[in-house]
Amino acid sequence: MVHLRSLFIERDLMREAEERVLESYRRGGVSSVIWTVTYACNLRCRHCYEAAGSPLSNELDTEEALNLIKELRELGKPILFISGGEPLLRDDIYIILKESVDAGMRVILSSNGTLIDDIVADKIADTKVHYVALSIYGPEKFHDYFTRVLGSFRRTVNALRLLRERSMKIGIKTTVTRENYRHIPYLFYLAKKLEASLVYICDFIPIGRGSNMEKMALSNMEWRRLMDILIEDILLNNGYRDIEIDIGAHPSTAIYALLKLRELGFNVDHAIQRLRLKRENPIGQGFISISPSGDILLSNFLPSIKLGNIREIRIRDAIKNDLYRLLGDSNNLKGICGKCSYRHLCGGCRVKAYYKYGDLFEEDPSCIVYR
Ligand code: SF4
Ligand code: SF4
């Protein structure tokens with residue numbers, strides 16, 4: 001994740017979260033966890049990398065879920081992203097959320113929002129999760145086309161309003177493709193209107209239901225254009241100063257922004273220090289994912305690369321795995337990433353290297369600095 005605003009402009013915006021990440025990493029070797037609690041989903045989005053819809057037959061039950069929370073607490077209280085599928089389809093979701101918060105973790109609930117009415121919003125607010133991120137892909141017509149469910153845009157926007165009415169912190173999350181990248185400024189307009197404090201833009205990884213949509217991934221040139229818009233029209237626009245810009249699955253965007261802002265006369269020394277401290281590589285630096293059936297993964301985008309299963313091994317032991325350790329060291333990278341002077345700040349996207357070359361250590365084909 002690349003937090004553009006806190007990295008370059010508002011140094012204190014994410015300070016608390018970052019300190020917690022580092023503290024957790026120092027204590028147990030894990031900084032953040034994305035826990036996909038189910039593959040059940042009521043939407044059928046075109047791009048869904050999990051091809052979510054039906055739950056697995058062997059998803060963790062409540063007791064196993066509570067044991068996992070206990071393990072994460074003992075490990076060092078990493079930042080916990082609770083995601084799906086649609087997490088609200090689990091009967092025990094409020095128990096999971098509340099127990100995770102009570103365990104002292106910073107908990108972010110990620111949902112499509114369509115199941116949130118007044119009663120559900122009250123229940124979520126009662127759990128005291130740190131914030132809730134809901135998916136929106138563009139204006140109403142486009143969003144409903146993308147999710148393939150008519151009325152989903154209205155329901156999600158209404159959910160954001162209901163959560164804000166309960167003083168909850170909210171964020172908008174999206175996946176960017178060739179079909180919707182022109183709508184990204186609209187998402188910031190909407191975020192401002194709804195008082196959201198973050199817009200998360202994740203690059204499209206063509207796997208799962210999106211595996212036949214490879215051509216929908218943005219080219220490197222289009223990503224550069226998008227970054228110029230994000231920097232010039234959003235980051236440097238005072239009207240959006242309360243909204244964090246978070247970019248997922250695209251670490252070289254941090255280096256692109258750094259070079260561009262330096263060219264514009266900004267002092268980027270602080271950002272360099274922060275990037276070095278917490279290399280924005282999604283895997284190998286204390287980041288893990290847990291699948292609905294308890295697999296410990298390097299990334300939720302890499303469901304076949306498992307470090308073990310929580311039913312059989314402690315996370316503390318699973319991360320002693322050589323692959324996990326080697327990925328954390330940028331000196332092991334190959335190709336342009338291996339030779340790059342920014343590799344200790346960036347590291348490239350290991351997921352895209354894997355899908356392009358079948359090798360986690362290869363160069364990032366989506367580098368927008370050198371390709
Ligand atoms: S992208 Fe999210 S909301 Fe859409 S089908 Fe997949 S899990 Fe469900
Ligand atoms: S070559 Fe690799 S490490 Fe260097 S900026 Fe590009 S993606 Fe990042």
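# Exercises on a predicted model

Helices α6 (residues 140-147) and α7 (residues 152-165) pack with their axes 8 Å apart, at an angle of about 110 degrees. The structure is a predicted model.

## Exercise 1: a helix pair

Classify the packing of α6 and α7, then describe their contact.

Solution. 
- Step 1. Take the angle: about 110 degrees.
- Step 2. Apply the cut-off: angles of 65 to 115 degrees count as roughly perpendicular. Therefore α6 is roughly perpendicular to α7.
- Step 3. Find the residues that meet. From α6 come Glu140, His143, Asp144 and Thr147; from α7 come Ser152, Phe153 and Arg154.
- Step 4. Sort this contact by class. It has three charged, three polar and one nonpolar residue.

## Exercise 2: leucine 72

Decide whether leucine 72 is buried or exposed, and list its contacts beyond four places in sequence.

Solution. 
- Step 1. Locate the residue. Leucine 72 belongs to helix α3, which covers residues 62-75.
- Step 2. Count neighbours. Leucine 72 has 24 C-beta neighbours inside 10 Å.
- Step 3. Compare with the cut-off: 20 or more means buried. So leucine 72 counts as buried.
- Step 4. Set aside neighbours within four places in sequence. Leucine 72 then contacts Val33, Lys77, Pro78, Leu80, Ala103 and Met105.
- Step 5. Serine 24 is 48 residues away from leucine 72 in sequence, yet the C-alpha atoms are 9.7 Å apart in space.

## Exercise 3: two ligand shells

Describe the residues around ligand 1 and ligand 2, by name and by class.

Solution. 
- Step 1. Five residues are nonpolar, four polar and three charged.
- Step 2. Turn to ligand 2. It is surrounded by 15 residues, the closest being Cys337, Cys340, Cys346, Gly348 and Cys367.
- Step 3. Trace helices in the ligand 2 shell. α10 (252-263) and α14 (335-339) each give at least two residues.
- Step 4. Sort the ligand 2 shell. Ten residues are nonpolar, three polar and two charged.

## Exercise 4: the whole chain

Solution. 
- Step 1. List the elements: 15 helices and eleven strands.
- Step 2. The C-alpha trace spans about 50 × 45 × 40 Å along its principal axes.
- Step 3. Of the 371 residues, 49% count as buried.

Technical notes:
Residues numbered from 1 in each chain as written. Chains lettered and ligands numbered in written order. Predicted model: local features only at pLDDT ≥ 70, side-chain atom pairs only at ≥ 80, totals over all residues. Helix = DSSP H or I, 4+ residues; strand = E, 2+ residues; numbered from the N terminus. Buried ≥ 20, exposed ≤ 12 C-beta atoms within 10 Å, placed from the backbone. Contact = placed C-beta atoms within 7 Å. Near = placed C-beta within 6 Å. Nonpolar A, V, L, I, M, F, W, Y, C, P; charged D, E, K, R; others polar. Axes fitted to C-alpha atoms, helices over the stretch in contact; angles between N-to-C directions. Parallel < 35°, antiparallel > 145°, perpendicular 65-115°, else oblique.
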